[in-house]
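Welcome, and thanks for taking a look at this one with me.

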Amino acid sequence: MAILILAEHDNASLKLDTAKVVACGQAIGGDIDVLVVGHNCDGVASEAQQLTGVRNVLLADSASYANHLAENISELVLGVASDYEHVLAPASSFGKDVLPRVAALLDVSQLSEVVEVVSSDTFVRPIYAGSVLATVQSLDDKKVMTVRSSAFDAVATDGNAERVPLAQDMAAQSEFVEQSLTESERPELGSASVVVSGGRALGNSENFGILEQLADKLGGAVGASRAAVDAGFVPNDLQVGQTGKIVAPDLYIAVGISGAIQHLAGMKDSKVIVAINKDPEAPIFQIADYGLEADLFEAVPELLAKL
Amino acid sequence: MKILVPIKRVVDHNVKVRIKSDGSGVDFNNVKMSINPFDEIAIEEAVRLKEAGIATEVIAVSCGAKACQETLRTALAVGADRAIQVNTDADLEPLGVAKILKQIVKREAPQLVICGKQAIDDDCNQTGQMLSALLGWSQGTFASELKVDANELSVTREIDGGLETLMLALPAVVSCDLRLNQPRYASLPNIMKAKRKPLEVIELNELNVDVKQRVTAINYTFPATRSAGVMVEDVAELVSKLREEARVL
């Protein structure tokens, strides 16, 4: 029994999500191989070789894979999948784009956002915006699934896996035009240990500056509710929730966020939740470990001063 | 250009779902059902393309029991030209739905399929990608902007670090993110008109598609509830609690 894990990377470095998916692979049990697909990604393969518990790192390095397009990557994965009983990827925008395509080509079902391994064919996954947990058993020969990385701890990096180059090269159907990534010095939202999030109550994008200061003071990342994103205060890649990012930091500070179920879906597994809101009836207070009923424009600067 | 829009009937997004007492499933008794919010965005986008003179016909399709005709009428009221219900009581998984949709695509020959990126009940986020794979078409998932030319489609996608733009050759499958558009409300006259628009019912067994279950649910539970927290008086108390009690600072 062997497990294939599709690595997530930007051709320069391996994303921490991959190390978390390896931990999920260890919970399933069996030989773990990591597949690195990209272009000029030699360094990524070396990083993947260091992940504890990995047997082989398969490397498909070609210009046609440079932009990680789902069409040709899924064909490549299909080509190597015959040796594996499990095919895993992080439940990131990359994994969600590629893996259902792989599953359909293999004619198997796919499990999304697995949060717990019960056995090699039985897994737990959240449904209805995380308000229900479903324990499901896959009846397919191959189990293809995306893994919610916030539910697993990254494996260490003292491994020494074998590198296996793959010769496949498949042209993509689509053409990559451009990417505009949000520039930030702050830690990545998905893996930050502290997240400071703001909602509609911030009022405008300038006011988000005080949350950025708070995040910087705590060495954390900035997040947002859908309302704040829709109002144009911050870019959409900062959205936390059912349709945005799922985070589980040590400390989550929700500022001016009412706590709609779709937002809670993205952060309710945080270790400590702090809510600052002037509405005492806001649902966020029902799940916050520490609630402060106050005007955020007074409370946040005061908090900044006291830290 | 013909556009096909798959639609799903789901528990309304404002409903707090209940689980049957034996944990065997979600309780749908007396629960408000609605069109999946992402599918509403998909139909809106298709109708806008029609209004822009790019699309010639918009076909809404839904797979499920008779009640999903109601959901299809919603799509018709917003501006779809006609609807197809694939009638079945089977519990469909994304792979099964994708296989059904593939057959509908063969019959209707649309050049573009626009679907929601995920259904808010199963939260799978799979069907569009699977359909695209089965058809051998290109895909533009999590779209927040769409520009259609004669043979090409420019899709701006929401990705983890920001945005990305792809050019897709048609035919293609596009899945919508929340920010693609703001769906309109159906006016009363349009709701009345929608009742007279064609709605074809196709029995699932006519399509000869394998929709057997690949995944069985063992049980459903609620996640552990968080223990009730405390309200603090002021910022000073908050900081001291975070330092001394929670030890996160």
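**Notes for a first look**

1. Let's begin with the cysteines. Searching the whole structure, over all chains, turns up zero disulfides. A disulfide is a covalent bond between the sulfur atoms of two cysteines. B:Cys176 is in no disulfide either, and the nearest cysteine sulfur, in B:Cys115, lies 6.8 Å away. Is B:Cys68 buried or exposed? B:Cys68 counts as buried, because its relative accessibility is 4% and the limit for buried is under 20%. B:Cys176, at 0% relative accessibility, is buried as well.

2. A word on confidence: please keep in mind that this is a predicted model. Its scores are ipTM 0.94 and pTM 0.94. In chain B the average pLDDT is 95, and 100% of the residues score at least 70.

3. Now for the sheet in chain A. Seven strands make up an open sheet with parallel pairing, and their order is β5-β9-β4-β1-β2-β3-β10. Which strands stand at the edges? They are β5 (110-114) and β10 (162-165) of chain A; each has a single partner strand, so one side of each is left without a neighbour in the sheet. From one strand to the next, the twist averages 25 degrees.

4. To see one pairing in detail, follow strand β1 (residues 2-6) of chain A. Five bridges connect β1 to β2 (residues 31-38) of chain A, and the two run parallel. Within β2(A), A:Leu35 is the bridge partner of A:Leu6.

5. Helix α1 (residues 16-28) lies across β1, β2, β3 (54-61), β4 (86-90) and β9 (143-147) of chain A, and runs at about 150 degrees to β4(A). Helix α2 (residues 42-49) of chain A also packs on the sheet, where it touches β2, β3 and β10 of chain A. The direction of helix α2 makes about 170 degrees with that of β3(A).

6. Next, have a look at B:Ile120, in the loop between β8 (112-116) and α4 (127-135) of chain B. B:Ile120 is buried, with a relative accessible area of 11%. What does B:Ile120 contact, leaving aside its neighbours within four places in sequence? Its contacts include A:Tyr128, A:Ala129 and A:Gln242 from chain A, and B:Val10, B:Asn36 and B:Phe38 from chain B. B:His13 is another contact; the C-alpha atoms of B:His13 and B:Ile120 are 7.2 Å apart, although 107 residues separate the two along the chain.

7. Finally, some backbone details. Most residues other than glycine have a negative phi, and most peptide bonds are trans. The bond joining B:Leu170 and B:Pro171 is cis, with omega about 0 degrees, and B:Pro171 sits in the loop between β11 (162-169) and β12 (172-176) of chain B. A:Asn11 is not a glycine, yet has a positive phi of about 75 degrees. This residue lies in the loop between β1 and α1 of chain A and is buried at 17% relative accessibility. B:Asn125 also has a positive phi, about 60 degrees. B:Asn125 belongs to the loop between β8 and α4 of chain B and is buried, with a relative accessible area of 4%.

Technical notes. Residues numbered from 1 in each chain as written. Chains lettered and ligands numbered in written order. Predicted model: local features only at pLDDT ≥ 70, side-chain atom pairs only at ≥ 80, totals over all residues. Heavy atoms only, no water. Pairing = 2+ DSSP bridges. Helix = DSSP H or I, 4+ residues; strand = E, 2+ residues; numbered from the N terminus. Axes fitted to C-alpha atoms, helices over the stretch in contact; angles between N-to-C directions. Contact = heavy atoms within 4.5 Å. pLDDT = per-residue confidence, 0-100. Disulfide = S-S within 2.5 Å. Buried < 20%, exposed > 50% of the residue type's maximum accessible area, 1.4 Å probe, protein only.
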